[in-house]
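Please look over the sequence and the model shown below before reading on. The report then works from the chain as a whole towards its details.

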Amino acid sequence: MSYGVHHQAPSPTPLELPPLPGDGPTVDAGRFRAAGTGLWLAISYGFLALLIVGSFGFLLLGLLFGYLADLMLSRRTMARLRGSAVQVGQNQLSAIDACARQFAARLKLEGAPTVLVAESSMLNAVAMRIGKRRCVMLLDDVVWGAIDYQIPDALRFVIAHELAHHALGHAGVLRSYLRLVLPPLSRLDELSADTVALQLVERARPPRKV
Ligand SMILES: [Zn+2]
């Protein structure tokens with residue numbers, strides 16, 4: 001995750017996305033998990049368990065409330081995003097839709113991911129899991145940038161990176177909390193997602209000529 005410079009004037013030209021090849025061999029995301037991730041997870045779960053016991057269960061109650069509040073908040077966020085963001089599909093930014101479906105299939109993720117393109121100056125992209133639905137939010141700057149400068153590989157990498165977070169189990173609420181309070185875990189998760197993304201992007205087959 002990194003911060004980008006906001007593109008003031010979105011491109012007024014019709015959306016002409018370059019092809020985004022995504023087909024290729026399956027990728028076992030778990031094999032590319034960064035070394036040390038298991039240790040950091042064990043430490044954080046152990047610490048969490050100690051805190052729960054030490055607080056006579058009150059922390060668990062607090063976490064449960066936090067979890068429910070967060071779930072409601074993310075549902076609301078999703079609903080709001082759907083209002084303002086563009087959901088990619090066969091009729092809209094279909095190259096992104098096809099690429100995300102191919103990557104998701106290669107990662108053996110169940111069902112097609114929901115990919116949204118939103119306008120924001122905060123982050124580059126986000127992977128969220130809401131219930132069973134896997135969402136990827138791309139920022140318009142990344143998409144317009146790929147179109148304006150004709151750098152499809154950058155866009156493919158961002159899509160692959162976010163789907164890798166899903167495949168590696170990083171997109172849930174608890175993991176997001178842990179990543180927030182434990183920067184080393186967050187860095188390892190980013191590294192793992194990058195490694196998986198490289199596999200997806202570099203081993204993709206060039207599209208067949210029709
Ligand atoms: Zn990431």
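What follows describes the overall fold, the sheet, the nonpolar cores and the zinc site.

This is a predicted model, in which local features need pLDDT of at least 70 and side-chain atom pairs count only at pLDDT 80 or more, while totals for chains, interfaces and linings use all residues. Residues are numbered from 1 along each chain as its sequence is written, and side-chain values use heavy atoms, with hydrogens and water left out.

**Overall fold**

The protein chain has 7 helices and 4 strands, where helices (H or I, at least four residues) and strands (E, at least two) are DSSP runs numbered from the N terminus. Along the sequence these elements follow the pattern α-α-β-α-β-β-β-α-α-α-α. Of the 210 residues in the protein chain, 41% are buried, a word that stands for under 20% relative accessible area, with exposed meaning over 50% and partly exposed in between (1.4 Å probe, protein chains only). Among the contacts with a separation of 6 or more, 74% join residues 24 or more positions apart; a contact here means heavy atoms within 4.5 Å.

**The sheet**

The 4 strands form an open sheet in the order S1-S2-S4-S3, and the pairing is mixed; two strands count as paired if DSSP finds at least two bridges between them. The edge strands, each pairing on one side only, are strand S1 (86-87) and strand S3 (125-130). S1 and S2 run antiparallel and are joined by 2 bridges, whereas S2 and S4 pair in the parallel sense over 5 bridges. Some residues that face each other across these pairings are listed here.

| Residue | Partner |
|---|---|
| Valine 86 | Valine 117 in S2 |

**The nonpolar cores**

A nonpolar core is a set of buried Ala, Val, Leu, Ile, Met, Phe, Trp, Tyr and Cys residues joined through side-chain atoms within 4.5 Å. The largest one has 36 residues, of which Ile96, Leu138, Val143, Leu155, Ile159 and Val196 touch the most other members. Two or more residues of this core come from each of helix H3 (94-106), strand S2 (114-118), strand S4 (133-139), helix H4 (140-148), helix H5 (152-167) and helix H7 (183-202). Apart from this core lies another of 11 residues, including Leu81, Val126, Met128 and Cys135. Leaving out residues up to four places away in sequence, isoleucine 159 touches Leu20, Ile96, Cys99, Ala100, Phe103 and Leu138.

**The zinc site**

Which residues are the protein donors of the zinc ion? They are His161 (NE2), His165 (NE2) and Glu190 (OE), lying 2.1 Å from the ion. Donors are N, O and S atoms within 2.8 Å of the metal (3.2 Å for Na, K and Ca), and water is not among the atoms, so sites may look incomplete. The donor residues are spaced H-x3-H-x24-E in sequence. Histidine 161 and histidine 165 both lie in helix H5, 4 residues apart, which is about one turn of the helix, and both of these histidines are buried.
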